[in-house]
Structures are given as structure tokens and as C-alpha cells.
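Open the model in your viewer and keep the selection tool at hand. Each stop below says what to select and what is there.

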Amino acid sequence: MPKQRRDTGEKNFVAPQLIRLRAYKGLSQRDLAHELQLIGYDIDKNVITRIETYQRYVTDLELKALSKIFQVSYSYLIDGRKTEEDERLHPTL
């Protein structure tokens with residue numbers, strides 16, 4: 001069974017939020033990959049590039065890691081909607 005894609009053919013929903021979060025924290029793709037590796041996730045710069053260009057699916061483990069690094073909810077990563085906790089932690093995001 002083929003994997004589902006968005007109507008536009010893109011393979012994930014998190015790309016725009018990931019790009020925004022990296023800019024917000026002033027991280028390059030390489031910096032983010034390094035931070036993820038420090039907390040035990042084997043994600044390199046090329047994976048980040050492929051996610052941000054909609055060429056790669058994002059696993060639940062990767063969502064968890066990104067949520068932890070950026071201190072945002074899964075909801076924010078997936079659809080860009082901030083929870084009250086997101087708003088409290090990142091009012092200017």
C-alpha cells in the first residue's frame with residue numbers, strides 16, 4: 001500500500017513550522033541536526049533538508065524529538081496552531 005501524501009504531493013505537514021522554528025531559534029540545519037544527535041536522535045542535515053523541502057515523511061519519533069528541541073506541541077508542528085502552552089513559551093512565534 002503506498003504512503004499517503006497531501007493533495008499537493010508533499011510528504012509532510014511540518015516543513016513550514018520547522019523552517020519557522022529554526023529561524024526563530026537562529027539554528028542552521030546543521031545546528032539542528034547536531035542538537036538532535038546530542039539528545040540521541042540520528043538525524044543529519046540532509047534529513048532536515050528533505051523534510052523542509054517536503055521530500056521526506058516525518059516519523060512519530062522525529063516529531064517527538066522536534067517537539068522536545070523546540071519546546072512546542074505536536075499540534076503546532078503538524079498544523080501551525082499554537083496551544084496555550086506554546087503561546088506562553090513562545091509569544092512571538
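Select Arg22. Arg22 is buried, with a relative accessible area of 14%; buried means under 20% relative accessible area, exposed over 50%, and partly exposed in between, with a 1.4 Å probe and protein chains only. This is a predicted model, in which local features need pLDDT of at least 70 and side-chain atom pairs count only at pLDDT 80 or more, while totals for chains, interfaces and linings use all residues. Residues are numbered from 1 along each chain as its sequence is written, and side-chain values use heavy atoms, with hydrogens and water left out.

Glu52 and Arg22 form a salt bridge, with the closest N and O atoms 2.5 Å apart. A salt bridge here is a side-chain nitrogen of Lys or Arg within 4 Å of a carboxyl oxygen of Asp or Glu. The pair links distant parts of the chain, since Glu52 is in helix α3 and Arg22 in helix α1, 30 residues apart. Helices (H or I, at least four residues) and strands (E, at least two) are DSSP runs, numbered from the N terminus. Is Glu52 buried or exposed? At 8% relative accessibility, Glu52 counts as buried.

By the same rule, the count comes to five salt bridges. For another one, select Glu62 and Arg56, whose side chains meet at 2.8 Å, N to O. Glu62 is buried, at a relative accessible area of 9%. Then select Glu85 and Arg88, a salt bridge with its closest N and O atoms 2.7 Å apart. Because they are three residues apart in helix α6 (residues 84–89), Glu85 and Arg88 are separated by about one helical turn. Glu85 is partly exposed, at 41% relative accessible area, and Arg88 is exposed, at 57%.

Go back to α1. Its buried residues are Ala15, Gln17, Leu18, Leu21 and Arg22. They cover an arc of only 160 degrees around the axis, so they are on the same side of α1; the arc is that of the directions from the helix axis to the C-beta atoms. What do the buried residues of α1 pack against? They pack against α2, α3, α4 and α5.

Lys25 also lies in helix α1 and is partly exposed, with a relative accessible area of 39%. Leaving aside neighbours within four places in sequence, Lys25 is in contact (heavy atoms within 4.5 Å) with Glu35, Ile69 and Phe70. Just after α1, Gly26 takes a positive phi of about 70 degrees.

Next, select Leu32, Leu36 and Phe70. These residues have the most contacts inside the largest nonpolar core, which has 21 residues. A nonpolar core is a set of buried Ala, Val, Leu, Ile, Met, Phe, Trp, Tyr and Cys residues joined through side-chain atoms within 4.5 Å. α1 (15–25), α2 (29–38), α3 (45–52), α4 (60–70) and α5 (74–79) each supply at least two residues of this core. The largest share, five residues, comes from α4. Beyond its neighbours within four places in sequence, Leu36 is in contact with Tyr41, Ile43, Ile48, Ala65, Leu66 and Ile69.

Last, select Phe13, found in the segment before α1. Phe13 is partly exposed, with a relative accessible area of 48%.
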